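This report describes a predicted model.

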Amino acid sequence: MDNLIDSFQAYNTEVLKPYYELISTKDHMGNIFPPYIPHIGSEYDKYKIIMYGMAQNVSEPWDSLLNKTRREKVCQMLDAGEYENIWIAPYKVMLAIAGLYIHAKFGDKLSSFTEIHNSISVTNYYKFSMNDGADINPDHKLKNHQCPILYWSENDRLSSQELDALSPNTVISFNGRHNRILRQRDSEFIKINDPSWVLQGGGGHLKASGSWYRECADNEVISLIDGYLDQIDDKYSSKIDALKIYLLKYYSDWKCT
């Protein structure tokens, strides 16, 4: 892991100058933050699962990062001891997904988000966030840049480095163009809908009459999911019923395969 830290610390952010105006992960002097390596739980080697979000959503740099050293910026997720310190908006939902995957595939019951956090690795695929008044989805055409290939290729290269270092057995990722890179690995690849889809209503699929609804007679699984939902206290807590259907659908998929 020290080699990965050193490599990311030495990364020359000047390469990304064509996107300078759009990149929001930079300080007040305009210095672009270096890429960051994943959080790696203390029990990661037990399951070897890595989860990918998309990008940090940040229109202004976080005060907590401004005065940190370059090495501390690189290790911002690695040093995140508590799951609340991971800056991925749907991380609590991702923890619930990981807990259900572990239960479905290994039979282990991890009830607390802290246990799950300590058992997985997580990061964002895109290490440099973009904002032009609103967050820019890096998978789509970058505004004012008809050719986003440079930005994509740099992030592809960085993510490939971290995958080489972590050698995961399972990669879980939100849908997007970056999955073409992740699928090239020998790891089992699992695509999930971005949990923000739940906030947007799920296109009508996340109802008792919707296509994602699954019956479950396993009281242990229902209790596990209810326990996860009790630990979600952010904006997703207003969509508990839809979120339960979302989680049960994935558990059913994994248990039956």
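## Packing of α5 and α10

In this predicted model, A96, G99, L100 and H103 of α5 are in contact with E220, V221, L224, I225 and Y228 of α10. By class, the residues of this contact are six nonpolar, two polar and one charged.

Helix α5 covers residues 91–106 and helix α10 covers residues 219–230. Their axes come within 10 Å and cross at roughly 160°. Angles over 145 degrees count as roughly antiparallel, so α5 is roughly antiparallel to α10. The crossing of the two helices, α5 and α10, is right-handed.

## Packing of α10 and α11

Helix α10 also packs on helix α11 (residues 240–255), at an angle of about 135° and with the axes 11 Å apart. That angle makes α10 oblique to α11. The crossing of α10 with α11 is right-handed.

On the α10 side, the contact is made by V221, I222, I225, D226 and L229. The α11 side contributes I240, L243, K244, L247, L248 and Y251. The contact of α10 with α11 has nine nonpolar residues, no polar ones and two charged ones.

In α10, V221 and I225 take part in the contact with α5, and V221 and I225 are also listed in the contact with α11.

An α-helix has 3.6 residues a turn, so residues three or four places apart point the same way. On α11, the contact residues include L243, L247 and Y251. On α5, they include A96, L100 and H103.

## Helix α7

Helix α7 runs over residues 149–166 and has 18 residues. From its first C-alpha to its last, α7 reaches 25 Å, close to the 26 Å expected at 1.5 Å a residue.

The buried residues of α7 are Y151, W152, E154, N155, D156, L158, S159, E162, L163 and L166. Among them are the acidic residues E154, D156 and E162. Just after α7, S167 takes a positive phi of about 45°.

## Loop residue N12

Where does N12 lie? Its place is the loop between α1 (2–9) and β1 (39–40). N12 has a relative accessible area of 43% and is therefore partly exposed, as that class falls between the 20% and 50% limits.

Terms used. Residues are numbered from 1 along each chain as its sequence is written. This is a predicted model: local features need pLDDT of at least 70, side-chain atom pairs count only at pLDDT 80 or more; totals for chains, interfaces and linings use all residues. Side-chain values use heavy atoms; hydrogens and water are left out. Axes are lines fitted to C-alpha atoms, for helices over the stretch in contact, and angles run from 0 to 180 degrees between N-to-C directions. Helices (H or I, at least four residues) and strands (E, at least two) are DSSP runs, numbered from the N terminus. Angles under 35 degrees count as roughly parallel, over 145 as roughly antiparallel, 65 to 115 as roughly perpendicular and the rest as oblique. A crossing is left-handed if the near helix is turned anticlockwise from the far one by less than a right angle, and right-handed if clockwise. Contact means heavy atoms within 4.5 Å. Ala, Val, Leu, Ile, Met, Phe, Trp, Tyr, Cys and Pro count as nonpolar, Asp, Glu, Lys and Arg as charged, and the others, Gly among them, as polar. The expected span of a helix is 1.5 Å times one less than its number of residues. Buried means under 20% relative accessible area, exposed over 50%, partly exposed in between (1.4 Å probe, protein chains only).
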